[in-house]
Amino acid sequence: MTKPLLHVLSGNAVWPPPLWLMRQAGRYLPEYRAIRAQAGDFISLCTAPELAAEATLQPIRRYGFDAAILFSDILMVPWALGHGLRFAEGEGPVLPKLRTVADVDALNIDRMVREMAPIIETVRRVRVGMAREGFDRTTLIGFAGSPFTVACYMIEGGGSKDFAATRLMAYGEPLLFQRLMDVLVEATVIYVSAQIEAGAEVAMLFDSWAGVLSPSLFRAHVIAPTRRITAALKARFPDVPVIGFPRLAGPMLAEYATATGVDAVGMDTSVDPVRAAAEVPAHVALQGNLDPMALLAGGAAMADEVRNILRAVRGRPAIFNLGHGIVPQTKPEQVAELVELIRAT
Ligand code: CP3
């Protein structure tokens, strides 16, 4: 049996579409909160293979999703490169603000390879756990942040409304910015390759802030690095599909889908799936895009949105997902309701 998600990613339409949810492991699950408390803090959880593997498997046990996604974070790459990272309770990530060539040259890929070892060990343990628990139809997705989004957090020192310092550096100090992007492209290829060698069956690249860029910068710092990473991964692992998620790309989505070489594009909540189905080449699968707030609201409002998405992607390779991550207020029963709705289609 070919796993449904892999069947879709090799260009086939499957009905109902395979299903997984961004942030399917996380605070909305009581069993996640328990192991998070056991680990102490989030980075300790990401670097404890036994606990991180458990977090990865928890949502599969509950819902039988078609994909498990490695439990880690996109910011573990800057952390492993030695840039520094902490998660302030209630505030989100805090990093040093990268400003100079010396800051870029201090990033250390050898160090990253050493520090990422527990995350790679998590991948191995997840595959063992999936076999042990008989999750035969579930595909393991490995992931990284895309260089632009990771650079955003490194330059701003955390989240931001508009990533103004990042955009200013891209325009005002293009050589410095490109130097950082080049390190992140190299680091991403090494990191994702190690995940694949350890058992990840698909690679997903999260470009959560792609949408803050002008079209020319989007081509330079979203499309070009994604194409480089995808080409490098395909050269080494021709059969491993790549999913790209250029969040809020808007009218640039179709160009991204065409020019990067990805096998699937994630549609964020703002994308009209009818339009995406018309504009994205048919060999590129569509993934998405229920608003996490529609899931939280549930009932008829959610069912209407689900119906619209399913109607739009019917007949083409598609993966049902949210348009962004599950919010922690979501109740586990609401997720069960969504899963039943899709499976009953
Ligand atoms: O289930 C999964 O999706 C797998 C694990 C995963 C996490 N983060 C776990 C996490 C994945 C794939 C991510 C991706 C990620 N991380 C992105 C890209 C997707 C997106 O949401 O746009 C981004 C931008 C990050 C950075 C990040 N990590 C932020 C801004 C925060 C703080 C805000 C928040 O949601 O708490 C995190 C923390 C984080 N990453 C948590 C989890 C489960 C919460 C940690 C906790 O307190 O337990």
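Predicted model: local features only at pLDDT ≥ 70, side-chain atom pairs only at ≥ 80, totals over all residues.

Trainee: How much space lies in the largest pocket?

Mentor: The largest pocket holds about 1,300 Å³. A pocket here is an open set of points on a 1 Å grid over the protein atoms alone, with protein on both sides within 12 Å along at least five of seven lines, and a lining residue has an atom within 4 Å of a point. The volume is the space filled by probe spheres set on the points, which are joined across faces, edges and corners.

Trainee: And which residues lie nearest its centre?

Mentor: Of the 40 residues that line the largest pocket, R23, R27, F42, D73 and F87 lie nearest its centre. The elements giving two or more residues to that lining are α2 (30-39), β2 (86-88) and β3 (92-94), where helices (H or I, at least four residues) and strands (E, at least two) are DSSP runs numbered from the N terminus. By class, the lining has 22 nonpolar, ten polar and eight charged residues; Ala, Val, Leu, Ile, Met, Phe, Trp, Tyr, Cys and Pro count as nonpolar, Asp, Glu, Lys and Arg as charged, and the others, Gly among them, as polar.

Trainee: On to the ligand: which residues are closest?

Mentor: The ligand is surrounded by 21 residues, and the closest are Y32, R36, D73, S208 and H324; a residue counts as near if one of its heavy atoms lies within 4 Å.

Trainee: What polar atoms lie by the ligand's oxygen atoms?

Mentor: A polar side-chain atom of R36 is 2.5 Å from a ligand oxygen, and one of H324 is 2.7 Å from a ligand oxygen. Q24 takes part through a polar backbone atom, at 3.3 Å from an oxygen atom of the ligand. A polar contact is a pair of N or O atoms within 3.5 Å.

Trainee: What about the second largest pocket, which elements supply its lining?

Mentor: Both α13 (253-259) and α14 (273-279) supply at least two residues, and α14 gives the largest share, three residues. The second largest pocket has about 180 Å³ of space, and its lining divides into six nonpolar, two polar and three charged residues.

Trainee: How many cavities are there of 30 Å³ or more?

Mentor: There is one, a cavity being a set of points where a 1.4 Å probe fits but cannot get out. The largest cavity has about 40 Å³ of space, and its lining includes P17, M267 and F320. β8 (285-290), α16 (299-313) and β9 (318-322) each supply at least two lining residues, and the lining has nine nonpolar residues, one polar and no charged.

Trainee: Changing topic, is I141 buried or exposed?

Mentor: I141, in strand β4 (residues 139-145), is buried, because its relative accessibility is 0% and buried means under 20% relative accessible area (1.4 Å probe, protein chains only).

Trainee: And how many disulfides?

Mentor: The count is zero, with a disulfide taken as a pair of cysteine sulfur atoms within 2.5 Å. Among the cysteines, C46 is buried at 1% relative accessible area, and C152 is buried at 0%.

Terms used:
Residues numbered from 1 in each chain as written. Heavy atoms only, no water. Buried < 20%, exposed > 50% of the residue type's maximum accessible area, 1.4 Å probe, protein only. Polar contact = N/O pair within 3.5 Å; in protein donor to acceptor, adjacent residues only side chain to side chain.
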